[in-house]
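Please look over the structure shown below with this briefing beside it.

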Amino acid sequence: MISNILCLDQVVRKPAHIFLDELGIEYDEQEDYVVIKHAALFTSTIMSKLLARPNVKLFNAVAAEDLIVKEGRVGGVVTNWALVSMNHDTQSCMDPNVMEAKVVVSSCGHDGPFGATGVKRLKSIGMIDSVPGMKALDMNTAEDAIVKLTREVVPGMIVTGMEVAEIDGSPRMVTFQFPFSLNIVVGIFCLEIALIVHSSFALHIQFLQLKMLIVLDYTI
């Protein structure tokens, strides 16, 4: 990810800049936002720190093309090579693989071949009633709505990002400015939801107290 229309600098709305401080990323501070000199600086820094962790694995050119559902609960995803998933109508079948998980976070965005595929699949198998689609663009309203509406939409599956807009009919946005801060905040928020719902709250209380400062400041 570089930026919308390949712009260079990256604007992050406060208080999401607190996360940049944790990563050690420098920025120019403005009144209610900060500017990173190049979006690739953020992307490369966070990827390098994540990939250095022993429990993180990045799969190249892989698409999640379906869900694993057992007894009414999402339990993972069905995967395939991305080019295979995009061209099922033009080639012979290639068998997929599966990844089982206690929690699936779906943030597939909107438009395009993989747009909102998580919630659209939930609707097609009867786990949710409707996907009304996003409303027209309203940047600040969209950000606040997506943070507040990020949630576990069915057992085992958390939705965030523009999939929230598709399922709840909130406004769309673009990534030219503040949605970079949204990406940071909802990523933290999804982890909090997963920890609270699927693990012991007591084990993670210090982490949550630190991170919730960002989410609470952002949404109030």
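**Serine 106 and its setting**

Serine 106 lies in strand β7, residues 104-106, where helices (H or I, at least four residues) and strands (E, at least two) are DSSP runs numbered from the N terminus. The model is a predicted one, in which local features need pLDDT of at least 70 and side-chain atom pairs count only at pLDDT 80 or more, while totals for chains, interfaces and linings use all residues. Residues are numbered from 1 along each chain as its sequence is written, and side-chain values use heavy atoms, with hydrogens and water left out.

**Around serine 106**
- Serine 106 is buried, at a relative accessible area of 6%; buried means under 20%, exposed over 50% and partly exposed in between, with a 1.4 Å probe and protein chains only.
- Not counting residues up to four places away in sequence, serine 106 touches Gly118, Met157, Ile158, Val159, Thr160 and Glu163, a contact being heavy atoms within 4.5 Å.

**Nonpolar core**
- The largest nonpolar core has 39 residues, and those with the most contacts inside it are Leu20, Leu122 and Ile184; such a core is a set of buried Ala, Val, Leu, Ile, Met, Phe, Trp, Tyr and Cys residues joined through side-chain atoms within 4.5 Å.
- Helix α7, residues 179-198, gives the most to this core, with eight residues.
- Isoleucine 184, leaving aside its neighbours within four places in sequence, is in contact with Val12, Ala16, Phe19, Leu20 and Phe42.

**Strand β1 and its partner**
- From strand β1 (residues 10-13), Gln10 and Val12 point one way and Val11 and Arg13 the other, and all are buried.
- Strand β3 (residues 33-36) pairs with β1 in the antiparallel sense over four bridges, pairing being counted if DSSP finds at least two bridges between two strands.
- Within this pair, valine 11 stands opposite valine 35 in β3.

**Helix α4**
- Gly118, Val119 and Leu122 are buried in helix α4, residues 117-124.
- These residues are on the same side of α4 because they cover an arc of only 90 degrees around the axis, the arc being that of the directions from the helix axis to the C-beta atoms.
- The cover over the buried residues of α4 includes β4 (62-70), β5 (73-81), β7, β8 (151-154), β9 (157-159) and α6 (162-168).

**Whole protein**
- The protein has eight helices and nine strands, and 40% of its 220 residues count as buried.
- Of the contacts between residues at least 6 apart in sequence, 61% join residues at least 24 apart.
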